[in-house]
Amino acid sequence: MQAGAPPRTAAPAAKPPGQRQALPLGGRILRLFLYQRELTPLVITIALFVYFWIRAGSTFTDSLSLSSAAGYAGPVAAIAVGEVLLLMLAEIDLSAGQVFLFAPWVMYWLHNLGVRLVLAILLPLPVVCGVGAINGLITVRLNVPSFVTTLAMNFILFGLVLIYSNQTQATPIPLSSSTSGHVSFASQLMGVWLWSEIVWVVAITIVAHVMLTRTRFGVRIIATGGNLLGAAEAGIPVRRVKVWCFVLCSFLAGLAGIVDAVKYGSLDPGNFGVDYILYAVGACVIGGTALTGGRGTVIGALIGAILIGILEDGLTLVGVSTNDFYVWVGVVIIFAMALNVQFDRLIARSRGT
């Protein structure tokens, strides 16, 4: 070494290719919440459950209270699961709530016309699938925005119910507990059992989740929602995918509507489906589904619906006015939407886009 020369320092060891620096625990947790959107509403739902449990005590956790929360969440969750499929495609079905109310009316009319009970239950399902197909075909063939198409269909179905029901309440509903002295297994399965509706909804959610994550059709939905032009250039029949998602959305809403009608044993022609769809879209947003397409989770939608059910039941038990419930639902939706936007920004920043 020459005199006066600066001392040599060892060069840092090169990292093996592909090896990344381990993130700290806080970074790993944040990354988990960024990419698993179901976790945030799940944590909020658990926190709400604990809060109302502390406030209301065992009254909140008894079977009657929990079944009441499940009764709020069930219809919303079933409609929301189907709605996720369309929101991932940047579409929406505003008629799903009315389909939920229309399907049991078709079952009731068919049964009164002398159609066998099994057929009276099954035939409304292809009818509502036809409603979904009409929504999809008008949207993709005539280029009418799905918002307009399904809003119009919502009014059409509501008008049909008012016309053919003569604005008279329908009771008893086939298979409901009020139709006979004993409750058969079929009645228990189709809605009379206290937990049957939520079991149906959980089963629907599992099937839809597997379809989205493990099947070619699910890949096509995600690809179409993420990049419509790119999916079409890759050979994906994007129009057909959209139509089938409209059909599935109507099918799930109609099936849940039949189960719900059997559970309560009567139908009111004055019920309007818009309330259901607003709650369902809210559950989708709370669960982490993007309204602009490309991202959605049916499990998150189920959790969002359960959150709404717990909120409504819990506020009632602690003595809060029913009117306040709507304020809290609005606050939760805005909070969830703002959180999802911030998550998207963090993901984009981490990717350098």
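Begin by selecting Gln167, which sits in the loop between helix 8 and helix 9. The model on display is a predicted one. Gln167 has a positive phi of about 55 degrees although it is not a glycine. Is Gln167 buried or exposed? Its relative accessible area is 62%, and Gln167 counts as exposed because exposed residues are those over 50%.

Which form does the peptide bond from Thr171 to Pro172 take? This bond is cis, and its omega is near -5 degrees.

Next, turn to the other end of helix 8 and select Asn143. This residue belongs to the loop between helix 7 (124-141) and helix 8. Asn143 is not a glycine, yet its phi is positive, at about 60 degrees. With a relative accessible area of 60%, Asn143 is exposed.

For the last stop, select Leu278. Where does Leu278 lie? It is found in helix 14, which comprises residues 274-286. Leu278 has a relative accessible area of 53% and is therefore exposed, the cut-off being over 50%. Leu278 and Ala80 are 198 residues apart along the chain, and their C-alpha atoms are separated by 9.6 Å.

Notes. Residues are numbered from 1 along each chain as its sequence is written. This is a predicted model: local features need pLDDT of at least 70, side-chain atom pairs count only at pLDDT 80 or more; totals for chains, interfaces and linings use all residues. Side-chain values use heavy atoms; hydrogens and water are left out. Helices (H or I, at least four residues) and strands (E, at least two) are DSSP runs, numbered from the N terminus. Buried means under 20% relative accessible area, exposed over 50%, partly exposed in between (1.4 Å probe, protein chains only).
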